Amino acid sequence: MNPVIKALNFRHACKAFDPDRKIARNQIQTIMEAARLSPSSFGLEAWRFLVISSEDVKRKLRPACWNQPQITDASHVIVVLCRPDLADPADPYIRKNFQRRDLTEEAVQIYVDKYKNHMETEVFPRMSAYAWCSKQCYIALANIMTAAAAQGIDSCPIEGFEKDPAEKALGIDTDTYEISVIATLGFRLKDPPKKNRWPASQTIEYI
Ligand SMILES: Cc1cc2nc3c(=O)[nH]c(=O)nc-3n(C[C@H](O)[C@H](O)[C@H](O)COP(=O)(O)O)c2cc1C
């Protein structure tokens, strides 16, 4: 089987992790490298990843996450933070971001103008900077889960959290960072339930 499809079949939303099994340092680093290499719109990378293995920090976070046991039983909890402030077309980071591409200043200005126009006409009329940045963070979330699965590591994505209490529990400077989504990583205690997916004929259209 294709190795990516194999990993995607292995992955399920793990509800019960073995609290005694820990992910090796090199494996977590590989997973986080997959996160770091994730694409983002305009290459903005308006994110930061908190990799939590401290039992104390996990314990503090759990009540803000619907008290889900995955938070404390998982080996690692990855909190994906976004930087909505950086998405502001007026922020100097926008120019700095495009300057990484070794372009002429004229070409950089074209990108800055295109970004500003896109955000003002397409993005901000439809969603907040937080929502737009979070869309990018979910790409990293997917890569985290797939990179974990490729190494036989289980995961559960966590959207079941209360944002303000979770940010408070982690002491996050919310003037800059906001939690987009959380991923728990570890090892399953039991076999997953059968996978439910609508058939390709219903969900995919080839034109
Ligand atoms: C963004 C996102 C957030 C999720 N949040 C939770 C969560 O807080 N707790 C949980 O147990 N499962 C959570 N799930 C798991 C989904 O319920 C699960 O992926 C879905 O039912 C499909 O099952 P499968 O992942 O096992 O194939 C979340 C999934 C996604 C993609």
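Of the 207 residues in the chain, 41% count as buried. Buried means under 20% relative accessible area, exposed means over 50%, and partly exposed lies in between, with a 1.4 Å probe and protein chains only. The model is predicted: local features need pLDDT of at least 70, side-chain atom pairs count only at pLDDT 80 or more, and totals for chains, interfaces and linings use all residues. Residues are numbered from 1 along each chain as its sequence is written, and side-chain values use heavy atoms, with hydrogens and water left out.

## Overall layout

The chain has 9 helices and 4 strands. Helices (H or I, at least four residues) and strands (E, at least two) are DSSP runs, numbered from the N terminus. Along the sequence, they follow the pattern α-α-β-α-α-β-α-α-α-β-α-β-α. The C-alpha trace spans about 55 × 50 × 35 Å along its principal axes. Take the contacts (heavy atoms within 4.5 Å) between residues at least 6 apart in sequence: 78% of them join residues at least 24 apart.

## The sheet

The 4 strands form an open sheet. Their order is S1-S2-S4-S3, and the pairing is antiparallel. Strand S1 (47–52) and strand S3 (154–158) are the edge strands, each pairing on one side only. Two strands pair if DSSP finds at least two bridges between them. From one strand to the next, the twist averages 20 degrees.

S1 and strand S2 (residues 76–82) run antiparallel and are joined by 6 bridges. Here Val51 stands opposite Ile78 in S2. Leu50 stands opposite Val79 in S2. S2 also pairs with S4, again in the antiparallel sense, over 7 bridges. There, Leu81 has Ile179 in S4 as its bridge partner.

S2 is mostly covered, with 7 of its 7 residues buried. His76, Ile78, Val80 and Cys82 are buried on one side. Val77, Val79 and Leu81 are buried on the other.

Helix H2 (residues 25–36) touches S1, S2 and strand S4 (178–186). The direction of H2 makes about 165 degrees with that of S1. Helix H7 (residues 129–150) lies across S1, S2, S3 and S4. H7 runs at about 10 degrees to S4. Axes are lines fitted to C-alpha atoms, for helices over the stretch in contact, and angles run from 0 to 180 degrees between N-to-C directions.

## Helix H5

Helix H5 covers residues 92–99. Its buried residues are Tyr93, Ile94, Asn97 and Phe98. These four cover an arc of only 135 degrees around the axis, so they sit on the same side of H5. The arc is that of the directions from the helix axis to the C-beta atoms. An α-helix has 3.6 residues a turn, so residues three or four places apart point the same way.

The buried residues of H5 pack against helix H6 (105–123). Exposed Pro92 and Lys96 are on the face turned away from the buried side. Asp91 caps the N-terminal end of H5. One of its side-chain oxygens lies 2.8 Å from the backbone nitrogen of Tyr93.

## Two loop residues with positive phi

Glu45 is found in the loop between H2 and S1. Its phi is near 50 degrees, a positive value in a residue other than glycine. Glu45 counts as partly exposed because its relative accessibility is 30%.

Asp102 is found in the loop between H5 and H6. Asp102 is not a glycine either, yet its phi is positive, at about 55 degrees. At 73% relative accessibility, Asp102 counts as exposed.

## Around the ligand

The ligand is surrounded by 14 residues. The closest are Ala13, Lys15, Gln68, Lys195 and Arg197. A residue is near a molecule or strand if one of its heavy atoms lies within 4 Å of it.

| Residue | Protein atom | Ligand atom | Distance |
|---|---|---|---|
| Ala13 | backbone N or O | oxygen | 2.9 Å |
| Glu159 | backbone N or O | nitrogen | 2.9 Å |
| Gly160 | backbone N or O | oxygen | 2.9 Å |

Definitions and conventions: Polar contact = N/O pair within 3.5 Å; in protein donor to acceptor, adjacent residues only side chain to side chain.
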